[in-house]
Structures are given as C-alpha cells and as structure tokens.
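Work through the exercises below with the sequence and the model open. Try each task before reading its solution.

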Amino acid sequence: GTVVKSPKSAAGKRDVPIPRALARELAEWREAQLAEWEKAARGQEGEVVAFADCRVIGYANGDHYTPHALGSLWRKLARGKHDKDPKDRRRRGEGWEPGREPVTGTQGSVVTFHDLRHTYATQAIAAGADVRSVAALMGHADVSMTLNTYADAAPEAKLAAQRK
C-alpha cells in the first residue's frame with residue numbers, strides 16, 4: 001500500500017498559491033464530491049470514512065491515489081483517451097473523445113504530470129513572480145537551481161535576480 005509521510009526535504013509542506021478562478025472551481029468540485037459521497041453513504045454510515053477525511057482527488061473510501069494511479073489517470077487524460085464504448089470495436093482506451101485533443105506541450109509531445117510542475121514555475125517567473133519565492137514553492141534549497149532550470153523562459157527575471 002501507500003504510506004502518507006512527511007516530505008523528504010527541509011522545505012516540507014508548503015502552500016501553493018492558485019488563481020481565484022481555480023479556487024472557485026475546486027470548491028465547486030468539492031461540493032459535487034460531497035453530494036456524491038452523501039448519496040453513496042446513505043445507509044452505510046458505520047462503514048464509510050468521514051467526508052472530511054476524503055481527498056480532493058482520491059477514492060470513495062478516503063484513500064488517495066497512489067503516484068502510479070494518478071500518473072496513469074493523467075496519461076490517459078493527456079492523450080485524450082476514453083473508456084471503450086460498447087458499440088466500439090477498438091480495444092479499451094484507443095478511442096478519441098469528440099472535442100478532446102491530446103494535451104501537448106510547446107515541443108508537440110504529450111504533457112506528463114511532472115511537466116505541470118515545470119509549467120507552474122516557468123509561468124510564475126514569466127509573470128514576474130519573485131524567483132526566491134518560486135524557489136521556495138518548488139522546494140529548491142538554492143535559488144540558483146530555480147534560475148538555471150526555469151528563468152530561461154524569462155531572461156529579464158534572471159537579470160533582475162542577479163542584480164539583487
């Protein structure tokens with residue numbers, strides 16, 4: 001099984017700022033989850049985990065997805081795949097959902113789950129976020145790691161950080 005434990009680095013757990021619109025969407029998703037949980041839990045109160053213990057992304061019993069399961073779900077989503085339709089003769093996962101194209105990066109390849117971390121840091125720096133703050137959010141012990149990895153997307157951020 002999977003064990004939830006403290007982070008391995010001294011940076012530990014950290015809050016990640018998100019746009020208000022995303023916060024609203026997550027709140028709406030949480031409300032929808034609560035409605036589904038209440039529906040599924042009726043008559044089973046002693047057998048289900050408390051909703052407060054359920055993850056935003058996880059199983060109905062309160063467990064979180066393993067890194068492997070989450071990565072697998074992301075790959076399927078990023079590739080634009082869907083479950084097999086009973087009328088479809090193709091194997092499971094080979095179909096394209098109408099209107100859903102693969103999620104591709106600037107180089108044309110399908111975006112991996114880890115790529116989202118790089119995108120967050122790159123976009124934050126490009127939008128003018130303080131490089132030291134981004135380094136802290138990323139868990140980098142040294143700001144030079146952040147500058148060497150992400151600041152090329154915003155050369156002016158690299159120059160500003162070097163002047164400080």
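**Exercise 1. Contacts and overall make-up**

Task: Among contacts in the protein with a separation of 6 or more, find what share comes from residues 24 or more positions apart. Then describe the fold in outline.

Solution. The model is a predicted one. Step 1: residues 24 or more positions apart supply 33% of the contacts with a separation of 6 or more. Step 2: assign the secondary structure, which gives 6 helices and 0 strands. The order from the N terminus is α-α-α-α-α-α. Step 3: turn to accessibility. Of the 164 residues, 20% count as buried. The protein exposes about 12,400 Å², and 55% of that comes from carbon and sulfur atoms.

**Exercise 2. An aromatic pair**

Task: Which residues form an aromatic pair, and is it stacked or edge-to-face?

Solution. Step 1: apply the distance cut-off, with ring centres within 6.5 Å. The count is 1 aromatic pair. Step 2: identify the partners. Trp-74 and Phe-113 are 6.1 Å apart, centre to centre, with 65 degrees between the planes. Step 3: classify the pair. Planes over 60 degrees apart count as edge-to-face, so Trp-74 and Phe-113 are an edge-to-face pair. Trp-74 sits in helix H2 (residues 67-78) and Phe-113 in helix H3 (residues 113-126), so the pair links parts of the chain 39 residues apart. Step 5: compare their cover. Trp-74 is buried, at 15% relative accessibility. Phe-113 is partly exposed, at 41%.

**Exercise 3. The largest nonpolar core**

Task: Which residues make up the largest nonpolar core, and which element gives the most to it?

Solution. Step 1: list the members. The core has 6 residues: Ala-121, Ala-124, Ile-125, Val-134, Met-138 and Tyr-150. Step 2: assign them to elements. H3 and helix H4 (131-138) each give two or more residues. H3 gives the most, with 3 residues. Nonpolar side chains tend to be buried together in soluble globular proteins.

**Exercise 4. Around Tyr-150**

Task: What does Tyr-150 touch, not counting residues up to four places away in sequence?

Solution. Step 1: collect the contacts. Tyr-150 touches Arg-117, His-118, Ala-121, Thr-122, Ile-125, Met-138 and His-140. Step 2: follow one of them, His-118, which lies in helix H3. His-118 and Tyr-150 are 32 residues apart in sequence, and their C-alpha atoms are 7.5 Å apart. His-118 is partly exposed, with a relative accessible area of 29%. Step 3: take Ala-126, also in helix H3. Ala-126 and Tyr-150 are 24 residues apart in sequence and 9.1 Å apart, C-alpha to C-alpha. Ala-126 is partly exposed, at 40% relative accessibility.

**Exercise 5. A loop glycine and a surface patch**

Task: Is Gly-80 buried or exposed? Which residues form the nonpolar patch on the surface?

Solution. Step 1: locate Gly-80 in the loop between H2 and H3. Step 2: check its accessibility. The value is 0%, under the 20% limit, so Gly-80 is buried. Gly-80 and Glu-101 are 21 residues apart in sequence, yet 5.3 Å apart between C-alpha atoms. Step 4: go to the patch. Val-16, Ile-18, Leu-22, Leu-26, Trp-29, Val-56 and Ile-57 form it, with about 600 Å² of accessible area together. Val-56 lies in the loop between helix H1 (20-41) and H2. Val-56 is partly exposed, at 41% relative accessibility.

Terms used. Residues numbered from 1 in each chain as written. Predicted model: local features only at pLDDT ≥ 70, side-chain atom pairs only at ≥ 80, totals over all residues. Heavy atoms only, no water. Phe/Tyr/Trp six-rings, centres within 6.5 Å; stacked < 30°, edge-to-face > 60°. Helix = DSSP H or I, 4+ residues; strand = E, 2+ residues; numbered from the N terminus. Buried < 20%, exposed > 50% of the residue type's maximum accessible area, 1.4 Å probe, protein only. Patch = residues over 30% accessible without salt bridge, like charges linked within 9 Å, V, L, I, M, F, W, Y side chains within 5 Å. Areas by Shrake-Rupley, 256 points an atom, 1.4 Å probe, with all protein chains shown as cover. Salt bridge = Lys/Arg side-chain N within 4 Å of Asp/Glu carboxyl O. Core = buried A, V, L, I, M, F, W, Y, C linked by side-chain atoms within 4.5 Å. Contact = heavy atoms within 4.5 Å.
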